[in-house]
Amino acid sequence: MDDAVTDTEVVVVGTGVSGLAALHHLKARGVDVVALERNPDVGGTWYHNRYPGCRFDSESYTYGYSFSQEVLREWHWKERYSPQPENLRYLRFVTEKLALRDVIRFNTTVTGAHWEESTRTWVVHIEGGRSIRSRFLMTCLGMLSTPTMPRVDGIDTFEGPSFHTFDWPKDGIDLRGKRVGVVGTGATGVQAIAAIAPEVASLTVFQRRPNWHTPLGNSEITVEEMAEIRSRYDEIFALCAVSPGGYVHQPDRRGFHSLTAEQRRRFWEELYAQPGFAVWLANFREIFVDREANAEFSAFVAEKVRERVHDPELAEKLIPKDHGFGVQRVPLETNYYEVYNRDNVRLVDLQQTPMVGVTLTGIKTTEEDFELDVIVYATGFDAITGPYEQLDIRGVGGRLLKDKWVDGPETYLGLLVRHFPNLLMVAGPQSSSSSVNFPRSIEAQVDWCMGLLDHLRRNGLTRLEPTAEAEREWVAYVAHLYEKLLMREARSWFTGYNSNIPGREHGQVRHVMFNGGQPKYREILDAVASSDYRELVLS
Ligand code: NAP
């Protein structure tokens, strides 16, 4: 790219799954676009998360982009739940196939963006002092791209390698024969723990609150199977489009209470044996809203844990007692529980013996000093709003986005923000991205943004902003959707909880995601577009 070019129609920030989709559509329209990427390559989350065991929990063939027949025709998903190296290879393949690389500036970290009313442009600031001026700012920052570390004493004093899973060493790290500690047992932790347990000398898992984990059920996709999948792509994407979660799984509509306990149990045995999120998303809808249904199913899954972990006392420590199944995002696992039957693995229950700090040589709890060679922090993210709040984004009158969102995000459709004109967020707060199979959600958002940009171009308009009323109503609607769900009580990034960020410990719920399901979300986006964007002030 020519660095002297400073004016463009659209700046896209980030070239992960959503940034690449946005770039493709913008380029296809002949829009003048520049993408800024902090990494030396595309991929976003799949560029960063290189920890062993990292893979999809979406069926691979539902995760790929649906908009390029060429990519659909040529790409072979080799596993039902594809692993990180393959996913990164896929995104590189798409980048080359769709010729996106020439408009991406790599190793370019955006520090902020300031709206300039007089010129109706964003001035996007880049680390090192440069800036680029653009009519529209399209942020494709990812929802889980700001990792958070524990707030404990001594975290920087450990003498061996220690890192967050998001920052797993790019060239890998040889863990064979090492004493490894893993902090955190969310979706990331359980994938990493199960993958590294067989190769390390000893593995100490520091668990604060257990999660409900169910089997992933990964398998190979043969050439013949892939040919069959290719022939059904239209059908597969159509199925995802009518599913609340954007997956192939459809909720069971018979109703929890219409079946006997024995019938429910038989159904759950079938679900538990199925791969992927069937156990969560093809279950009775009551699981999400009805305490009795949720408790009964949680008891069923608890039995599975007891069957899989030989030591009964240990099994109890691995069974959540503070929340029911599926109110937090369900981490899918491969032999996770069996790991605890190994002699080289030990679980440290941080509820019984809290972590006191990190030392030069390991981790100290109230009970014991653990000597470690490597510490892995699988401790999660400043999710959804974090990537935005890290940036110095200033809208009309210099107002800081972070200040506007101090009590929780306020957006319209999760895509636009009042007083931040011409800002288009993909996978932003209060969109459906976090509750839906990610690519299925972001494709709808990118399509909507393209429709809006087309509308502006057609009508010679250069400024867009949601009305105060539209934003107020959206924020209230998103909050209302939480009220129906048991999930509103969860200590999870779904409710804005993060114990490592002051003020975000359990307590106040932040309404960070749209929980109405993807069909509803798409219906709303379509309705706004067909009303010629009545809820926006366009000029
Ligand atoms: P997470 O779900 O937020 O889990 C973080 C874990 O770290 C929790 O067990 C948490 O315990 C623990 N933790 C945090 N701070 C701690 C501290 N100071 N001391 C001790 N323990 C601490 O994060 P994640 O596992 O990275 O997953 C985030 C999301 O990424 C998932 O929900 C999923 O959407 C996505 N993901 C998807 C896949 C996939 O299969 N495709 C894989 C990985 C991640 P508490 O619960 O007690 O706070």
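Trainee: Where in the chain is the place of Ser 441?

Mentor: In this predicted model, Ser 441 belongs to helix α15, which covers residues 438–458.

Trainee: Why is Ser 441 called buried?

Mentor: Buried means a relative accessible area under 20%. Ser 441 has 0%, so the word applies.

Trainee: What makes the pair Ser 441 and Gln 445 a polar contact?

Mentor: The cut-off for a pair of N or O atoms is 3.5 Å. The side chains of Ser 441 and Gln 445 are joined at 2.9 Å, within that limit.

Trainee: Which residues is Ser 441 in contact with, leaving aside its neighbours within four places in sequence?

Mentor: They are Ser 432, Ser 433, Val 436 and Gln 518. Contact here means heavy atoms within 4.5 Å.

Trainee: Now the chain. How many helices and strands are there?

Mentor: The chain has 17 helices and 20 strands.

Trainee: How do you know that the chain is as compact as a globular protein of that length?

Mentor: For 539 residues the globule rule gives 24 Å; the radius of gyration is 23 Å, which is close, so the chain is as compact as a globular protein of that length.

Trainee: What share of the contacts between residues at least 6 apart in sequence joins residues at least 24 apart?

Mentor: That share is 71%.

Trainee: How far apart are the mean positions of the positive and negative charges?

Mentor: The chain has 60 positive and 74 negative charges, and their mean positions lie 2 Å apart.

Note on methods. Residues are numbered from 1 along each chain as its sequence is written. This is a predicted model: local features need pLDDT of at least 70, side-chain atom pairs count only at pLDDT 80 or more; totals for chains, interfaces and linings use all residues. Side-chain values use heavy atoms; hydrogens and water are left out. Helices (H or I, at least four residues) and strands (E, at least two) are DSSP runs, numbered from the N terminus. The radius of gyration is taken over C-alpha atoms; the globule rule is 2.2 Å times the number of residues to the power 0.38. Lys and Arg count as positive and Asp and Glu as negative; His and the chain ends are not counted. The place of a charge is taken as NZ of Lys, CZ of Arg, CG of Asp or CD of Glu. Buried means under 20% relative accessible area, exposed over 50%, partly exposed in between (1.4 Å probe, protein chains only). A polar contact is a pair of N or O atoms within 3.5 Å; within protein, one must be able to donate a hydrogen and the other to accept it, and residues adjacent in sequence count only if both atoms are side-chain atoms.
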